[in-house]
Amino acid sequence: MMLDNFFRINLPYGLEKIEENRWIVFNRNYAPIGWNSDRTADSIYSSKYQQELPIRTEYAGLDEELLLKIAHHPNNGIKRNDQGQIFMVFMYNDSGNAVSDCYNDKKLSDYFEKIKLLGSLKVLY
């Protein structure tokens, strides 16, 4: 899939649980976004900044109730493991014409409400 606009490259499409209580946020091409290190050695001004990608983050309050709120649909907006636990959430539906879907005023407003919910979570690392 070609990522041809700011929205699809830089804003979250979903979250994936990659280890106990740690999540990555990914864009529309399933590439991780977010950098949770404050070490200056990891700065973009360092020639070695991509050698270690601290993108796994633990969030206080990221429970099933919240995951269902941010999913675009409670059935096909989530994936569950064999134990029934949510391990992946999709925040918007990108089937068909993605640009019209992402930029519809109502859908965009709903999406940013989800971003606000995520933005209110405390990072535990």
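Me: Which residue is the bridge partner of glutamate 16 in strand 6?
Reply: Methionine 88. Strands here are DSSP runs of E with at least two residues, helices are runs of H or I with at least four, and both are numbered from the N terminus. This is a predicted model: local features need pLDDT of at least 70, side-chain atom pairs count only at pLDDT 80 or more, and totals for chains, interfaces and linings use all residues. Residues are numbered from 1 along each chain as its sequence is written, and side-chain values use heavy atoms, with hydrogens and water left out.

Me: How many bridges join strand 1 to strand 6?
Reply: Three, and the two strands run antiparallel. Two strands count as paired if DSSP finds at least two bridges between them.

Me: What about strand 1 and strand 2, how many bridges there?
Reply: Five, again in the antiparallel sense. Strand 1 covers residues 14-19 and strand 2 covers residues 22-26. One of the bridges links glutamate 19 to arginine 22 of strand 2.

Me: What is the strand order in the open sheet?
Reply: 3-2-1-6-5, five strands with antiparallel pairing. Strand 3 (32-33) and strand 5 (78-80) stand at the edges. Each has a single partner strand, so one side of each has no neighbour in the sheet.

Me: How many residues lie between strand 5 and strand 6 in their hairpin?
Reply: Five. Glycine 84 sits in that turn, with a positive phi of about 85°. The two strands pair over three bridges, antiparallel. Arginine 80 has isoleucine 86 of strand 6 as its bridge partner.

Me: Why is strand 6 called largely enclosed?
Reply: Because four of its five residues are buried. Buried means under 20% relative accessible area, exposed means over 50%, and partly exposed is in between, with a 1.4 Å probe and protein chains only.

Me: New topic. How many residues are in the largest nonpolar core?
Reply: 24. Such a core is a set of buried Ala, Val, Leu, Ile, Met, Phe, Trp, Tyr and Cys residues joined through side-chain atoms within 4.5 Å. Those with the most contacts inside this one are Leu15, Leu62, Leu67, Val89 and Leu118.

Me: Which strand gives the most to this core?
Reply: Strand 6, with four residues. Strand 2, helix 2 (64-70), strand 6 (86-90) and helix 4 (105-119) each supply at least two.

Me: What does leucine 15 touch?
Reply: Its contacts (heavy atoms within 4.5 Å) include Trp23, Leu62, Phe87, Val89 and Leu118, leaving out residues up to four places away in sequence.

Me: Now helix 4. Which of its residues are buried?
Reply: Leu108, Tyr111, Lys114 and Leu118. They cover an arc of only 115° around the axis, which puts them on the same side of helix 4. That arc is taken from the directions from the helix axis to the C-beta atoms.

Me: And which exposed residues are on the face turned away?
Reply: Asp105, Lys106 and Lys116.

Me: Last one: where is methionine 91?
Reply: In the loop between strand 6 and helix 3 (98-103).

Me: Is methionine 91 buried or exposed?
Reply: Buried, because its relative accessibility is 1%. Its contacts include Pro12, Tyr13, Tyr111 and Leu118, with residues up to four places away in sequence not counted. The C-alpha atoms of methionine 91 and tyrosine 13 are 5.5 Å apart, though 78 residues separate them along the chain.
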